[in-house]
Amino acid sequence: MTAQLTFRSADKADTATLTGLYDGAARWMLERGIDQWKPGDKDARHFRRLIDSGVEEVWLAEEGAEVVGAYELWWDDEAAWGARAPDAGYVHRLMVRRGARPGTGRAMLARAERRIAEAGRELCRLDCVSADPRLRTYYEGAGYTAVGELAGKVAADGSTYGVTLMEKRLV
């Protein structure tokens, strides 16, 4: 990736941008037969709650003055991973704006990994829908290893889907 991305914490003024990124990524997934995210499932209230929590973090990636992506960083994820020692950060909703430069997603993931390591945690964890081997291949190409499966992750609408649990050692 040749362009320089900058990163900043999202604030309440960014919730419409975050919702648009989510809906765009959800539409892209559905167009490719990936049944994981649905447009409208994460609205401004979702992102505002995370921003206000002071626990989870929401990050924006910018190229110049344009937001080209975002992700959530959680410090635990009992719903997917169970109770764990505080040794990891959990990346959720890695969202790249359609038309962003190739490599934007990987650059965002690398920044999330640095943030996790800076917090003194040694692992980055994430989950991706099991029904799409392309997502697993994408994360494996970034150094992640599949460490488990969760057959019944609950979606916002109450439906369930399977996810592959993946992690990467950072230190």
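Author: Here is a walk around strand 4, its partners and the pocket beside it.

First, some ground rules. This is a predicted model, where local features need pLDDT of at least 70 and side-chain atom pairs count only at pLDDT 80 or more, while totals for chains, interfaces and linings use all residues. Residues are numbered from 1 along each chain as its sequence is written, and side-chain values use heavy atoms, with hydrogens and water left out.

Strand 4 covers residues 88-96, and nine of its nine residues are buried, so the rest of the structure largely encloses it. Buried here means under 20% relative accessible area, with a 1.4 Å probe and protein chains only. Strands are DSSP runs of E with at least two residues, helices are runs of H or I with at least four, and both are numbered from the N terminus.

Now for the partners. Two strands pair if DSSP finds at least two bridges between them. On one count, strand 3 (residues 66-74) pairs with strand 4 in the antiparallel sense, over five bridges. Trp74, for instance, has Tyr90 of strand 4 as its bridge partner. Strand 5 (residues 123-129) runs parallel to strand 4, joined by three bridges, and Gly89 stands opposite Cys124 of strand 5. To get from strand 4 to strand 5 the chain passes through helix 4 (residues 104-118), in a right-handed β-α-β crossover. Right-handed means that, with the strands pointing away from the viewer, the path from the first strand over the helix to the second runs clockwise.

With 14% relative accessibility, Arg93 counts as buried.

Then there's the largest pocket, with a volume of about 1000 Å³. A pocket is an open set of points on a 1 Å grid over the protein atoms alone, with protein on both sides within 12 Å along at least five of seven lines, and lining residues have an atom within 4 Å of a point. Grid points are joined across faces, edges and corners, and the volume is the space filled by probe spheres set on them. The lining has 46 residues, and Met29, Trp37, Leu94, Leu135 and Tyr139 lie nearest the centre. Strand 4 gives the largest share of that lining, six residues.

Notes
Buried < 20%, exposed > 50% of the residue type's maximum accessible area, 1.4 Å probe, protein only. 1 Å grid on protein atoms, 1.4 Å probe; cavity = no way out; pocket = protein on both sides within 12 Å on 5 of 7 lines; lining within 4 Å.
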